[in-house]
Amino acid sequence: EREREREREGKSAERPRQARMTALATRMSANKVGGSRRAAGRAKTVLPQAPGLRARRAGTYRQDVSANASVFVVNTPGGGHAVIGFHLAKQLAEQNHDVTIMVPGDESSDKMKKEPFSRFDELTSLGVKTVWGSTSDCAACASGKYDVVVDNNGKDLDTCQPVIDWAVGQGASQFLYVSSAGIYKPSVTPPHVEGDAVKESASHVSVENYLKGASIAESIFRPQYITGDANNKDCEEWFFDRIARGRPVPIPGDGMSITNVAQVEDMAKMIGLAVENESAHGGLFNCVGDRGVTLNGLVQLAAAAAGVDDVEIINYDPEEVGVEGKKAFPFRYTYHFFSEPRAAVAKLGMTYERSLGDALKERWAAYKASGRADKDMSFEIDDKIIESVSSKVMA
């Protein structure tokens, strides 16, 4: 009798979820039949779960299948994530998807003079539609109906809820949200993996929770540090600035803290693998590289990319030196802050084509070509650190 009672309770608890998934499946089926902006006569293709990718050229990828979904990407107008949306739109267009990228704000703003926005002609040449508008009214700049909506912009529910609600209301079958791995709580058992504890007070968490309850198939991506073409936020450049001038590189702590620096091409590839892929539905994915790297190791990789055999690394304690760690160094250093892409490898068939060291060689070439290596720069905080450490050694 107790066994029958537990069975009845289990079925009762499952009914709400079944009802939601049945409604979602019915709407997705309707989306397939009518009204989407696919080319006439083209069948909807579900992307493969296993690796079916080949490199077209360094850093770009194309699916070995025919695809034509209508995708609306909301791309942040500033910060490091902007480059993710740029490469995602490019890769999806190269895969024959119908892509619109919307940037919140005004096209004439000074932000649009910087990369990646200054290179949007590369997107339009591939057929990507570029529009500007407000996240509170995506419909105003949308054109028709979209199968997939990607939010690579919002960090809080006030910004993201209107986009999610609009996506559901206009009949999208899938919503991809670019969150942040920064919401993970520091762990004594690194790396961070999908399902680890997060800081409930983080604004991204409220967005993730709202999306999970929405009537749409959702996937969440949590990136960390980013390197790659068209990035407008310093990453490897911080190291190159010092290496190019033959300066010591000050690293707080003992330099053995592990982090993760992902190539933006890989990050865009991972998100693209989720498009129209049922294996991604309800999924949480660490959008990161396949290997961690120590902070001292990152200096060494950057130096090797620049062709420098002997680089001086100065490890120091910010409190002893009298500097604020966050201002002196752009990475988290007080604990191992790195995630692994286990879910993407298992569920999406994510693969990686080149090492971080090889990517940094390309970034060094771009750094030199930009002329930044020859510009005058001030290193006041570095000088204070070097002076303090040197005086202690002398003492």
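Which residue has its charged end over the ring of W238, and how far is it from the ring's centre? The charged end belongs to R242, which sits 3.9 Å from the centre of that ring; a charge counts as over a ring if NZ of Lys or CZ of Arg is within 6 Å of the ring centre and within 35 degrees of the ring normal.

1. Basis of the note. The model is a predicted one, in which local features need pLDDT of at least 70 and side-chain atom pairs count only at pLDDT 80 or more, while totals for chains, interfaces and linings use all residues. Residues are numbered from 1 along each chain as its sequence is written, and side-chain values use heavy atoms, with hydrogens and water left out.

2. Overall make-up. The protein chain holds 13 helices and 15 strands, where helices (H or I, at least four residues) and strands (E, at least two) are DSSP runs numbered from the N terminus. Of its 395 residues, 52% are buried, with buried meaning under 20% relative accessible area, exposed over 50% and partly exposed in between (1.4 Å probe, protein chains only). Among the contacts in the protein chain with a separation of 6 or more, 82% come from residues 24 or more positions apart; a contact means heavy atoms within 4.5 Å.

3. The open sheet. In the order β5-β4-β3-β6-β7-β8-β13, 7 strands form an open sheet with parallel pairing, two strands being paired if DSSP finds at least two bridges between them. Its edges are β5 (129-133) and β13 (283-287), each of which pairs on one side only, and neighbouring strands are turned by 20 degrees against each other on average, direction ignored.

4. Helix α5 (residues 203-212) lies across β7 (174-178) and β8 (217-223) and runs at about 160 degrees to β8, whereas helix α7 (residues 264-274) lies across β7, β8 and β13 and runs at about 165 degrees to β13. For these angles, axes are lines fitted to C-alpha atoms, for helices over the stretch in contact, and the values run from 0 to 180 degrees between N-to-C directions.

5. Helix α2. The 13 residues of α2 (residues 82-94) should span 18 Å at 1.5 Å a residue, and the end C-alpha atoms are 19 Å apart, which agrees; the expected span is 1.5 Å times one less than the number of residues. Because 13 of the 13 residues of α2 are buried, this helix is largely enclosed by the rest of the structure.

6. Aromatic contacts. Rings of Phe, Tyr and Trp (its six-membered ring) pair if their centres lie within 6.5 Å, with planes under 30 degrees apart counted as stacked, over 60 as edge-to-face and the rest as tilted, and by this rule there are 18 aromatic pairs. F86 and F120 have ring centres 6.4 Å apart and planes at 5 degrees, so this pair is stacked. Since F86 lies in helix α2 and F120 in the loop between β4 (98-104) and α3 (121-124), the pair ties together parts that are 34 residues apart in sequence. F86 is buried at a relative accessible area of 0%, and F120 also counts as buried, at 6%.

7. The aromatic cluster. Y225, W238, F239, F329, F331, Y335 and F337 form one aromatic cluster. Besides the contact of R242 with W238, R332 lies over the face of F337, at 4.4 Å from the ring centre.

8. Backbone points to check by eye. A cis peptide bond joins E115 and P116, with omega about 0 degrees, and P116 lies in the loop between β4 and α3; another joins P190 and P191, with omega about 5 degrees, and P191 lies in the loop between β7 and α5. N96, in the loop between α2 and β4, has a positive phi near 80 degrees and counts as partly exposed at 35% relative accessibility. E276, in the loop between α7 and β13, has a positive phi near 55 degrees, but is buried, with a relative accessible area of 6%.

9. Strand β10. Both faces of β10 (residues 249-252) are covered, as V249 and I251 on one side and P250 and P252 on the other are all buried. This strand is joined to β15 (residues 313-316) by 4 bridges, the two running parallel, with V249 opposite I313.
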